[in-house]
Amino acid sequence: MHPPQPADSAALISCLMVTRDRFAQACLSIDCFLRQTYPHRELVIIDDSRDDRLARHVAALGDPRIIVERAADPAPTLGEARNRSVDRASGRYVCQWDDDDLYDPRRLEVQMRALAEAGAQACMLHRWTMWWPDTGRLATSLRRTWEGSLLCEKAAMPRYPAMRRSEDTALVDALMRSANVVLLDEPRLYVYVAHGRNTFEAGHFEAHWQHADERFEGERFRALWAELAERMPLNAYARSRAAAAPPAADPAARPVLGTVVIPCYDMAGSIAGTLDSVAAAVDFHRTRTDARQGEVRVVVVDDASADDGAERAMAWARGRPDLDVVVVRRARNGGAAAARNLGAACAAGDLLWFLDADDAFLPPHLTVGVLTMDAVPDVGAVRTRLDYSHPVHPDWRKPIEESVPIALCVRRTCHDFVGGFPEDECYREAGGEDVGYAVLLNAAFLVAEADVETARYVRRPGNNFDRQYEKFRHPLAERARFPADGTPAQEQAREAARARAMDVLLGRMHRPFDGPPRNIPGQTRRVPVSFPAHAFADPAERIARAAGEFIERHRRDPQACPLDARSEPLVRAIGQEAADAGPDAALHRLLAIVRRHDAWFFKLAAAVAAQQLGRRAEALDLVERARGQNPMDLYAQELWLGLQEEAMGRSRLEEIDAGLKGRFCERPFKWMEFVGKDAWVCCPSWLPVPIGAAEAAGAAWTGATARAIRASVLDGSFRHCSRLNCPWIADGALPRREDVAADAWHTPAPPPPTYLNLGYDDSCNLSCPSCRTEMRVANAEAQEKVQDHYRRCVEPMVATAAVVNVTGSGDPFASRHFRALIKDLGRRPDLRIDLQTNGVLFDERAWEDLSLSGRARRVWVSLDAADPATYDRVRRGGDFGRALRNVAFLAGRRAAGELAFLGLDFVVQQANFREIPDFVALGESLGVDRVRFNMIRNWGTFGAAEFAGHFIGSPRHPEHADFAAILDGPAFAAPIVDPGNLWQFVRRTRPPVHAPDPDVLRT
């Protein structure tokens, strides 16, 4: 056995790749190497391919750590090729780096650390991740010694046998007998790709699938895939496979129009905005029925930046999975010309656009290029006009627009013909490569000039526009007063470089060329192109303005332009505005608005369009994002329910509406709730339409809105009620009309309310993330306002009340106003008090101080957890032990008959849903009457994306299946359970075991 040496964290690791005719996959494997966090590394590539594309790609990267060796005589076996790579390695350690697999950025670092900690000579993974890209499956492999993950001290390395396959298995067998080997169980460090052209046949990998430790399909696959794609180029791998497939394989595939190339050097602060402008241009083009359609690739070339611009570009790309975004990183700075040329080498499609990372496209930019190229086939390039962030003298507009590349659309064949942007050192030092490129294009091809502003030229400190801005502000005739951009020597060098480039170009003019007609040497040809004045009006902006006008009309005249908690009129108006070009174009227009205007009602309009096109998954995504912003909108709720397919071909919404026939609800006839400055006849999340201002509660009780709500109960439509949030509607648990006492059949204008719910003071001793972002306790000034609100608005209604509930907005024991009010209401011995509390402050002392014995009727305590650690997470600022002690005290009062009812509340979310069975058991052990569950809602504390992670009710959530299984389990069938509204969030396999607590409904 070779004596082990202590692992050195500064030791060089030689990663070893053997490749043959796998250019796209090898490039991604190289990208994984470049992402590694371990600094001391090299990549040795033995390239037996039939062409030199990979060698040219590596040369363009300019990274001296990557060595490509192309042998005149390819090795006859894979084992012998691997031995060549070992012989070429310079490092103390070698690591197998297969060309068709993907690697986490921490792979080398973690394996080296394991090697050092174990004092071993070799490290391999005990499990790894396997990916079947063609069938949408991922798996955590069974436990074995995975040969491909080998990292080994070179001196301890046996030779690979001369075998065409299994060469690494034979080597590892020998290594296990001769060296100290550590096995590491970190399966996410390595993604083995079963792509159909591996050295083993498909059946071999199907056996691994059957014996895998964990398999991921459907939603679970998508969740893990997204997690892995954060760290490895899975998106690019999938795209490369799609690009390699025959065109007929995907009948829905769209051709590629062209590529936008963005060189980026230390532009982390502006790259996202620049990419936003590209996305807006793509979205705009997709709405055009008069232009050739196709996909647009975006290539960002990071020119060895010192900032995190490349990471920000990749993060941006993850948010636009519909766009083909490629981020290429150079190891050494090569200048803008070299970066643009590298981007063009990575391009797809027949057109090229160039955009600097501190400038922006205007929406029509791509469309103008495509329309012009197709209308005038002889042109090699199209130049447009610019919008300037800072004004320039009119003399300078044309010279600037004739040189800067952001105003260009170029045929790729023409770009290649002129040799791309000149990369001479003089240009890298002082700029001017854009002028050199323009001179070559003008000399070689017909150039169209479109009189449309399509790009924005932005002045930023230190950029080319900024350096020359003083010159640009003055007439062209005064240019001699301003210093040239560069020294006289550099200007001379540029002139010489242009002359050399022109000589090279003239030499090419006589060669065969498969492209548009070339100019006669010495000739310059230009053709003007004009478009109607309003040819490129942005439909997204037009529709956004129309929606804004609708909302303004509603604000001025709600009766003529109705818009309450049901946004359907607005959404339909938006959809009609977008629909003039057909359903597909309408959806593209609406999606463009969604990306540029974040209002929830635009997402709903897009969801309706997607639903009409049969794109259910996309519609569901849009609805959930809209509900994440506005959970109260009834139309959004009903659209979400309508998308939930039920057995027998019925949607959930149809099932719920069918269940409302012949049902009745007493609440709007007996109940008044005060939340904020409004009055309501039900919980605002169940019936999200206020009946009027709280200061006019008496008049509002018999006003038009209250009458309309009661009429909707009497006619059975319940049109103002939430099908999603109201647990009685959700579970079909409303009483039948014939079972309701006759006194409940009031006219739409009944006697004064007998049940008051007070929620106008949101003071609370906790700051639960599901409710608020900070602790709120009213100060003296705020308390005075609360007291005044009570005297003016609420106190007149207390006279007729039989029950007062405190509070649904905070905690009654954290509010000085509510504590004083509860004590003061003791003057009415017939009045009963219901309490909703987090329980932390509701101890024996509070019970005695407020004289609640015999007065308190019902108490609900919100805990949201059965485990102290989870409680600390979801009940921020609380004390689980103290809350449980207080619940135990209240249970004693319940047993003694001093309290009529005691229940526990649980807001269900991703962080706690697995504790539902334990929470039921906790309630049983404490002796409470009910444990009640309701789904988390977004009260404005979460962004839409963040809320999606908490909202376990979505069938798209990666853990939704586990949640549904819990609801189908025995714990949820316990008699103590009040299901709240949870049944709406799973595929119902049986009717609810128990209806919601009837006493909360019947007051």
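## The loop holding Thr807

Thr807 sits in the loop that links β26 (803-806) to α32 (816-824); helices (H or I, at least four residues) and strands (E, at least two) are DSSP runs, numbered from the N terminus. The peptide bond leading from Val806 into Thr807 is cis, its omega near 0 degrees. For context, most peptide bonds are trans, and most residues other than glycine have a negative phi.

This is a predicted model, where local features need pLDDT of at least 70, side-chain atom pairs count only at pLDDT 80 or more, and totals for chains, interfaces and linings use all residues. Residues are numbered from 1 along each chain as its sequence is written, and side-chain values use heavy atoms, with hydrogens and water left out.

## Two aspartates with positive phi

Asp21, in the loop between β1 (13-19) and α1 (23-35), has a positive phi of about 55 degrees. Its relative accessible area of 23% makes Asp21 partly exposed (buried is under 20%, exposed over 50%, partly exposed in between, with a 1.4 Å probe and protein chains only).

Asp266 belongs to the loop between β13 (256-264) and α9 (271-286). Phi of Asp266 is positive too, near 50 degrees, and Asp266 is partly exposed at 32% relative accessibility.

## Where α23 meets α25

The axes of α23 (residues 600-612) and α25 (residues 634-642) come within 11 Å and cross at roughly 25 degrees; axes are lines fitted to C-alpha atoms over the stretch in contact, and angles run from 0 to 180 degrees between N-to-C directions. On the α23 side, the contact (heavy atoms within 4.5 Å) uses Leu604, Ala607, Val608 and Gln611, while α25 brings Tyr635, Ala636 and Leu639.
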